[in-house]
Every structure is written in structure tokens, then in C-alpha cells.
Amino acid sequence: MADATGSLHGFPAALTSFVGRARAVEEVATQLAQDRLVTVTGPGGAGKTRLAGEVARRVAGGFADGVWLAELAAVTDPAQVAAVVGSALGIRDLPSVAAADALAQALSRRQLLLVLDNCEHVIGAAAELCGWLLLGADDVRVLATSREPLRIAGEVRYRLGPLTLPDPGDLAAAAQCEAVRLFADRATATEFALLLAVQPEPPVREVTAGAEPTAYGAAGLGLAAGGVAGLARLSPRERELVTLVAQGRTDAQIAAQLYITVRTVSSHLDRVRDKTGCRRRADLTRLALSAGLV
Ligand SMILES: Nc1ncnc2c1ncn2[C@@H]1O[C@H](COP(=O)(O)OP(=O)(O)O)[C@@H](O)[C@H]1O
Ligand SMILES: [Mg+2]
């Protein structure tokens with residue numbers, strides 16, 4: 001089982017980009033350098049698992065026997081927890097009685113980080129196992145993720161808050177917020193145009209049907225899927241017009257630039273208004289800004 005320093009075992013390749021959370025990664029990594037059991041807690045979908053994976057990558061170099069992921073999400077029987085973790089670590093044939101103790105003994109000479117992911121539904125068994133590991137395997141550290149803490153001696157809890165959210169009063173800054181960046185990233189990845197519309201008064205954030213934002217993105221932003229028609233339904237020409245409006249051009253200037261009549265510009269804009277729900281040029285401008293069209 002001994003491996004080159006810093007190797008990761010059992011971690012799925014990240015299929016999507018990791019957004020933000022620089023501070024959380026840093027803080028959890030620092031905590032792990034000081035304490036042997038750190039539990040990242042937070043509601044489902046908060047990003048605990050994803051964060052743990054990033055932390056694992058960050059700290060891998062510090063563990064001679066590597067970093068190992070034991071995924072507990074699919075474990076239904078608490079009595080199986082030690083065996084599942086053992087098998088994730090390549091240790092089989094643990095006794096059915098006192099398996100946690102035996103696993104701790106088997107790891108007593110290992111210097112590794114165990115990432116115990118999704119502990120909440122087998123919390124008692126996970127806590128018991130961690131207790132044995134802390135007692136019997138001095139050079140083993142554990143990074144657990146769970147909705148609830150394990151509540152054992154030696155545990156340090158790291159509460160994961162939501163990604164930073166946009167301030168409805170500061171639309172210009174919205175694009176920098178982690179939650180918006182994550183959502184925009186995923187919406188763009190679906191090959192649909194970016195569907196986010198942000199309207200300031202009242203603070204409504206809506207997304208058109210067509211793309212499926214992650215549950216996380218939708219929840220984090222308070223988005224209502226399938227609401228007002230948005231940019232995705234605009235024709236390329238209409239989109240071009242929205243960009244020009246957002247750049248502050250008048251109808252006459254747009255007409256001149258596109259070699260069309262002012263009447264045509266205004267009928268295009270009527271359709272844009274119908275599709276986006278933005279009545280005023282200022283609203284259209286905000287929409288274009290939030291979607292990165294300008
Ligand atoms: N910082 C992030 N960057 C990119 N995607 C993220 C981020 N945080 C969470 N996600 C995505 O959100 C979804 C839920 O995250 P997850 O880590 O499984 O939440 P939890 O473990 O708290 O239930 C996953 O699809 C995950 O890839
Ligand atoms: Mg999880």
C-alpha cells in the first residue's frame with residue numbers, strides 16, 4: 001500500500017471547474033496541519049465533498065502514504081463502514097467483530113490522510129471508526145464531510161457557508177460573486193446561452209428553461225427555473241441589438257451601424273422586450289452586463 005508521497009487514491013477526476021472557495025481550501029488545509037480530525041459540515045449541496053477533494057489535492061504532498069477517499073454515500077449498513085473504508089484503503093479481510101479497531105491497527109504505521117466523505121447517514125459508525133483511528137494510528141489524519149459533526153474528542157469542525165452571493169444593490173459586482181461564477185460556468189457549459197437575468201427592484205433573479213443549473217447553483221442564487229424568457233431565446237440579430245443598447249447607442253445609431261431602418265430597430269427591440277421582460281433600456285443593459293454580452 002505504500003505509495004509515492006502525495007498520491008491520491010480513489011478520487012474521481014474533476015469533470016467541472018472548481019470555483020472560488022480559495023479561503024476555505026486554505027483554512028481547512030491549515031487546520032489539518034494542526035489537528036488530526038477535521039469535519040467539514042454544512043447543508044447538502046453546499047460543496048463539502050468538492051471542497052474536500054480540493055483540500056486533498058492541496059495537502060497530498062504532506063502524506064508519505066498518500067490521500068485516500070472512502071465514499072460513504074452508498075453505505076446503508078453502519079456495520080459495513082469499517083469494511084468499506086478498509087477496502088477503499090486496499091485492506092481487506094477485516095474481522096467482522098471489532099473491525100474499526102483492526103483497521104486502526106492495520107494503519108498504525110501509515111502516514112496518510114483519509115477523506116471520509118458523506119458521513120451523515122452513518123454518523124455513529126463513522127464517529128466510532130474515527131475514534132479508533134485517532135487512538136491507534138498516530139500518523140493518520142481524517143478529513144470528514146458530513147451534514148452534522150461526528151462529535152468526538154479531537155474533532156475540529158469547519159462550517160462551510162454558502163458561496164458568496166450577489167448583493168442585489170450592486171449588480172456590477174455580481175459577476176464576481178462565487179455563486180454567480182459557478183452558475184455562469186455551468187450554464188455556459190450546457191452550450192445554451194447564458195440565461196441569467198438579474199433585475200434590481202425587487203431583487204429577482206431568474207433563469208429561463210433550457211439549461212439545468214445544478215441544484216447547488218439554483219439554490220445558492222435563489223433562482224427560479226423556467227421563469228421569464230431570457231437571452232437564450234433571442235435571435236443572433238436581437239442579441240446584437242441588446243449589446244449595442246447596452247453600449248449606450250440610440251436607435252438611430254444602431255440603425256446606421258447595422259444598415260437597417262430605425263423602424264426595423266424598434267421592431268427588433270419590441271421583440272427583445274417581449275422575450276426578456278425588460279421594458280426599459282436600463283434593464284436591458286443590466287441584463288446584458290450580467291450575461292457578459294458587453
Ligand atoms: N466550489 C465549487 N466549484 C465548482 N462546483 C462546485 C463547487 N462547490 C460545489 N460544486 C458542485 O455543486 C454540487 C454539490 O456539491 P457537493 O460537494 O457534492 O456538495 P455536498 O457534499 O455539500 O453535498 C456538485 O455538483 C459540485 O461539483
Ligand atoms: Mg457530499
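Mentor: First a term: helices (H or I, at least four residues) and strands (E, at least two) are DSSP runs, numbered from the N terminus. The model is predicted, so local features need pLDDT of at least 70 and side-chain atom pairs count only at pLDDT 80 or more, while totals for chains, interfaces and linings use all residues. Residues are numbered from 1 along each chain as its sequence is written, and chains are lettered from A and ligands numbered from 1 in the order in which they are written.

Let's start with Arg-279, which sits in the loop joining helix H11 (262-276) to helix H12 (281-290). Ten residues away along the chain is Leu-269, with 9.7 Å between its C-alpha atom and that of Arg-279.

Now for the buried side of things. A nonpolar core means buried Ala, Val, Leu, Ile, Met, Phe, Trp, Tyr and Cys residues joined through C-beta atoms within 7 Å. The largest one here has 49 residues, and Val-115, Ala-126, Leu-129 and Cys-130 have the most contacts inside it. Helix H5 (residues 123-136) is the top contributor, giving seven residues. Apart from that core lies another, of twelve residues, including Cys-278 and Leu-284.

Note on methods
Buried ≥ 20, exposed ≤ 12 C-beta atoms within 10 Å, placed from the backbone.
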